[in-house]
Structures are given as structure tokens and as C-alpha cells.
There are 2 protein chains.
Amino acid sequence: MNGNGNGTGNRNGRAAGASGVNLLALRSHNGALVLDLLRTAGAAGISRLELADRTGLTPQAVSKIIARLRTDGLVTEAGYRASTGGKPRTVLRLVPDAGHAVGLHLDRDALTAVVCDLTGAVVGERRAPLHLGAGADAVVESAAQEVEGLLAEGDAPLLGVGVALPGPLDHLHGVLHRVTGFPEWEGFPLRAALARRLRTPVVVDKDTNAAALRLAVALATHGSFAYIHLGTGLGAGLVFGGAVHRGARTRAGEFGHQVIQLDGPLCGCGNRGCIEALCLAAVARGDVDEAARVLGAGAANLVGLLDIELVLLGGRTVEEQPDVFVRGVGAMLDEWARLQGEEPYVPVRVASGGSLGVAEGAAQLLLAPLFGRADG
Amino acid sequence: MNGNGNGTGNRNGRAAGASGVNLLALRSHNGALVLDLLRTAGAAGISRLELADRTGLTPQAVSKIIARLRTDGLVTEAGYRASTGGKPRTVLRLVPDAGHAVGLHLDRDALTAVVCDLTGAVVGERRAPLHLGAGADAVVESAAQEVEGLLAEGDAPLLGVGVALPGPLDHLHGVLHRVTGFPEWEGFPLRAALARRLRTPVVVDKDTNAAALRLAVALATHGSFAYIHLGTGLGAGLVFGGAVHRGARTRAGEFGHQVIQLDGPLCGCGNRGCIEALCLAAVARGDVDEAARVLGAGAANLVGLLDIELVLLGGRTVEEQPDVFVRGVGAMLDEWARLQGEEPYVPVRVASGGSLGVAEGAAQLLLAPLFGRADG
DNA sequence: CCACTTAAGCAACGCTGTTGCCAAAGTGCA
DNA sequence: TGCACTTTGGCAACAGCGTTGCTTAAGTGG
């Protein structure tokens, strides 16, 4: 897709530390950068000179990069800007249909599948009931059939399939750990199984990470934020420098089992005083304010520890009473900021997304790398 | 120092998002990579072919890079390896005296200054009493005099001065926030003041970040760890991907004021249930086991949230009874791992370092960028 | 002594972004 | 209408990057 394939061009992909960069990698980096700016510009488009200004590259370099991207069919010229006293700028736009990716959201009881174009827009959608407990092979088969149904028309080239699902898993190898309540999934190589079945690249990640990735792409941020998801469980996706932080074993984000009440009430995980236990208990007894307060304390911990810029809230429970949570969490962050004696104003917002958010994020697992958003 | 100056070579350093890469940046990246491997190899040295293998670059590219570095005086040939059936490999070594950096540790009651060579080894050292409350100008002046005394011999080119001190501060601009107990420092532009006085580049950072940076460099890791410092206060330095994580406003690492006991005892910061409050109280009443347990709970939170690979403990209180803390924290991490049902073994160790650790880290604020360890 | 192996440099090359220059396409004033 | 000016963007030449192909250097081992 990007000319000479997938990038680094190094002889060995195994270099332990940081690895050397050659001209192919440089080309691919700058190309991705330009593509990302084109994507961000959306329908409004962007001119060569603006691209040069934003990337720090010379106009001539941008012209060459654009010429390559046009040859590859990723970019087109689309009209002209108004003149500012000279030749008017040429508007450039991403070609949305130059590539598609499928996003698959496997939840406990439902499956959602979307096809997204290069801009991340949903161009196709399917939903189906799902029983995660039905066994790995059955689930893989029905997921594969949904994907095939979605791709029936078969127009744009398919980059691959991203799968998002709950619970700890190994993102690098695409192997599940024990999905809470479904022990039969432990150790199942979902990525390999689905890739073999569909004969296409597959990437697997946690649902919270997928949601966070979608938000990072949608916000076009290279900064940091935390996406906190409160539904049947409590988890978080962390974004630093515009990339999802997955950690050494891709298990980061276990926000729900942060202990916030030493020797507190027992949690399902076996520990005591986890945020999730306190929060869900408060929700269960109808005390949403207290749930928001607990969540806010956890969010303040995040902000203090990691110095993130933004907190986004999502999940079924939050969506039921968004104002209560935004206010409650916001109040805790403001109080924390006040105690710090400074004005490190960290906004709290509800994450846009809706019911397709996670599936869109799953598709972004394949789209985002094209735009230089590395796998973290 | 590195040929054409400091790197990126872009026309503007202000690009908001990720920025474009040109050939100078590529050259500087690969050069830094090679230098880092040479530094890591230490006195044993490393051959061109090993460098090629480790970087993923071709042997010829490495030969060219080494030729440049030799011309710049950063690298020398130093003997030969035993033959393995052909021409023996040429051993290459970093030239330690190609550059020096000063590290300054300003503590509440003492000043420690070191000069380090390129390998990070201490080649000069001075200590002096210090009264942080004596006022900014007086402290800057006495610090400057210590630095000048240390550099009297004036041999190797000086890269600059790194300053590490407690309390929140703005690393990017080198401006202090309110140092606990010394309100007169709030807003003082330490970096600018010292740079003007000494006419040399100055970098300012928190003491915990400096200590963490020294450890990252010493361990030569590109992975992740947390350095937890327990002395008169409690703080942490976080390292992801071999780089110190400072966060959006360079205030990350406020580990001590993570709330771990909702509505717990009042902390000096005004909040309730901070780890620091619980931990210091336990230490004060002689219950070191409990202090270790609290610290361990906090460390488990870190590991769960960020999926780091290693926990390092340091600071005066830890050094007094290292075994108690290592065992206590380790027990909490093991228990946490057991509850996860997996074997994500996260080792706990005492951070080597001694009384010069922070000052050495301060020097690394200037040395590390030469070896590709960006300011993160 | 000679075949073989391994290390490292020389020369040519393809490709990168950059520089210098020029054509295209507007505006604005006389 | 004409001309000076501004701005955009491409063409051509270039320096410099890592790569490739080959040669030279310097060992081992029969």
C-alpha cells in the first residue's frame, strides 16, 4: 500500500533496543505524517504549503511525497483555495476508498462489526447476538461469517481485521488470557485462528484500548489522556504522546483493580478495596454520586501520577447519567488541582462514540499505523 | 559535537504534532544509536559487525558512521578480538574524555556536584552544605561557585550543567513551582538564572526523575521500570521505553500523593489517605513492615496500571532497612500476580546509586541525549 | 604453502530531502 | 489594458544517507 511495503526495511526485526533507521523507514515515516495531516484535514483538505509548514519539511519535499501518494492512489487534488495575492493553493484530500479495515467488537453477549474507510468513517455495519461461552471455534466461525457478510460487495482493498474484546490478553501475539467468567478462552490464539480462517491480517486488543485508540485518532491528538470505561466492569485505556500505552506485556490499563481503599471490601479479583468493587457497589445501591466520587479519586490518582491532559469517560453506566459522572469526577480533579496550589486544569468529558465506538477502534488497529500511530 | 550540531535540522522546531524527519535527523539518530551501544559495551568495547547486528544497519553503514565518530574524536580503535577463523574484529571504544557534564543535586540541606565523562563515570566530586531557604540568588551563586571549583582544571569540553532538586517544577522551562517548605522559590527561573551565571546550557529536573534517568542509563534498558524513592518524602520516577515519562506539564511521578485509603488520615498536601502519609506515619511509629506493605500496595497499583517490568527502591528510609522493604514490596507484588492467575513476575530491587546517584542522574540530563535517550 | 574464512573498506548506486531557478496563476495599481 | 508584484508549485541539479558489489586485509587450518 505504501509503495515498498511495510516500513522499516531493516534486515532483522529483532533488534533488542532501539533500532537503526534507513531511507525506507524515513520515507515511510514522512509519508505517514503527511497522510495523517490529510486525514485530520478531512473534507476541507489541506494544501502542500500547509503540509510543509506543519511537518517542518521543505515545500519541495512535500511535493515529492504528495506525488508518490497520488501515484499510489491515496491522495487527490480537489479544487483550490482563494488566492491571497498570488497563485491559489491546491487543495489536497485523502481518498477514503483507497483502503478499508474491519473492526470487530466481541462483547459478552453481542457482536458488532464495522467496515471503515481510510478516514475512519463507518461504511458498513452488522450486529449479531453472541455467546462467548459457546466455545472458541464456534465464536471464531460466526465472527468470520459476519466479516464475510460485511465484505460481500468487496470493493476497496482490505487492510485487515481488528478485534476488540474484554479482559486481559496478549496484544502482541493475539492470545487471550482468562476472560472473566469464560475460562475456556484462556490461552486461545484468537489472532492466529481468525487470520487463518479469513486469510487476512488480524490484530487483537482489549476493548478499552480500542476505544482509546479511536478517541486518539478522532481527536487527532499527540498528547495524553485516559479513557475510563465504566460498564459491567471498570477499565481504562491510557494514551501518551498520541499512542496507546500497553506496557511491557500489553497488560496496562488495569484501572479497575487499582487499590484505593486498603483493606477495603473484597473484590471479585480476590484483592481488597479495588476501585471497581467500590464503584460497582455504589452503583448497585443507587448511590451514583459516591460512584462518581470514587471514580474521581481514581482519576485524580491518574492525573497526579502520569500528568495527563484530559480524562474521558465512557461505558454503559456513565452514559446513563453522564452529567453526574462528569461533575463528580471533575469536582475531584478540581479539588486535587486546588490542593496542588496550581491551575493544572484537566478537563473531564464524556467520550463520544456510541455503540460503535469500540468496533471503530478495532478497525483503527489497522488504520492507525498507516498514519504513523505506531502500535505503542 | 555531533558534526552538524544538534540534530533534527528541521526549519522550525515548533511543529505541533509529530514532525518530519530529514537526512540530518536520520544521521543523528543512527549515530546516537551506535554511540549508545559503544557506551553500553564499556571497556570491553564492541566491533563494527556487532554494531551492525544490534542496530539492524548494514556493516558498511556502520563503518561509515564509525568513521564519522572517529573523526569527531568520540570513538577510538582499541585492539582486536581473537580471530574466529578469519580477520579478527577490531574493538571500538567510546572516548570518555570527549565530553563532560556537570550534575548538581540540590537537596534541602546539602549540595552535591559531580563531573561525569561521556560514559557517565564520575571524574570529580564536591559537596557543600546548603540552605535552600537562604534565597534564590544566594543559592544560585553558591551553586555556581561549586561548579566553577569543580571545573577548575578545565580539560574536556563541557556539555552543560544538569540540576536535580525536590518538588514539582517545570522541566521544559526550568522554572520551579512551590518547593515544599520554601515558598520563596515558587516561580523562580532556575534554569535561566544558572545558565546566565555560568554561560553554559542548563537543564533542570526533579530529583526522582534524575535518579530514574541514571538507572535507565546504567541498566541500558529500553524497557520500563518505576524508581520509588522513600526519604523525607515519597516520590517516583517512571521510565517507559527507556525514557523518563514526565507527562504533559512535566509533573508526572507524584506517587506519594496517590490516594490509597479513601477518607484516610490527613496528609500534608491537604488530601486524605495518600501513600506518603500512611507510609511516613508507619515509619515514624517504627512499623517498617506496615510501611513496606503500604508501599507494596502502591507498587502493585503501578504495575497493574502501567504494566512495568521492574520496581526499584531507593531513598534514605529504604537504605536503612533495604531487606524489609524489598521483601515487603515483593510480597505484595507476588500476591497481586497470584490473584491475576498468571506469572507476570515483576522483580523488586534496591536501586544502586549511593549518595551520588541523583547528581549523576543530573549529569545524565545532558549526557543521555547524546545517546538517543530523548527528553521524553 | 595454499585454500578458506572473516572483517572492513572502496566505488558505484538508488533514493532521500534540499537548493536554485523558473513557470503558472493569481492580485492590485496605474 | 498593462505591468509589477506575490504566491504556489514543479523541474533540475545536488549533497548526503544507507545499500550493494567487489576488493583488500588478516587471520586459521590442513
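**View 1. The hairpin between strands S3 and S4 of chain A.** In this predicted model, a hairpin of 3 residues links S3(A) to S4(A). Strand S3 (residues 100–106) and S4(A) run antiparallel and are paired over 6 bridges. Within this pairing, A:Leu104 has A:Ala113 of S4(A) as its bridge partner.

**View 2. Strand S4 of chain A and its pairing with S5.** Strand S4 (residues 110–116) is mostly covered, with 6 of its 7 residues buried. S4(A) also pairs in the antiparallel sense with strand S5 (residues 122–129), over 7 bridges. Here A:Leu111 is found opposite A:Ala128 of S5(A). The hairpin of S4(A) and S5(A) has 5 residues between the strands, and A:Gly120 in this hairpin adopts a positive phi near 95°.

**View 3. The interface of domains 2 and 3 of chain A.** Domain 2 spans residues 98–211 and domain 3 spans residues 218–356. Their C-alpha centres are 26 Å apart. In domain 2, 17 residues are in contact with 17 residues of domain 3. The two domains bury about 1,300 Å² between them, of which 49% is on carbon and sulfur atoms. On the domain 2 side, A:Lys206, A:Thr208 and A:Asn209 lose the most area to domain 3, together 36% of what that side buries.

**View 4. Polar and charged links in chain A.** Between domain 2 and domain 3 there are 2 salt bridges. The side chains of A:Asp107 and A:Arg316 form a salt bridge, at 3.9 Å from N to O. The two domains also have 5 residue pairs in polar contact. Elements giving two or more residues to the domain 2 side that touches domain 3 include S4, S5 and helix H6 (207–219).

How values were computed: Residues are numbered from 1 along each chain as its sequence is written. Chains are lettered from A and ligands numbered from 1 in the order in which they are written. This is a predicted model: local features need pLDDT of at least 70, side-chain atom pairs count only at pLDDT 80 or more; totals for chains, interfaces and linings use all residues. Side-chain values use heavy atoms; hydrogens and water are left out. Buried means under 20% relative accessible area, exposed over 50%, partly exposed in between (1.4 Å probe, protein chains only). Helices (H or I, at least four residues) and strands (E, at least two) are DSSP runs, numbered from the N terminus. Two strands pair if DSSP finds at least two bridges between them. Domain bounds come from an automatic or database domain assignment. Contact means heavy atoms within 4.5 Å. Buried area is the accessible area (1.4 Å probe) that two parts lose on being put together, summed over both. A salt bridge is a side-chain nitrogen of Lys or Arg within 4 Å of a carboxyl oxygen of Asp or Glu. A polar contact is a pair of N or O atoms within 3.5 Å; within protein, one must be able to donate a hydrogen and the other to accept it, and residues adjacent in sequence count only if both atoms are side-chain atoms.
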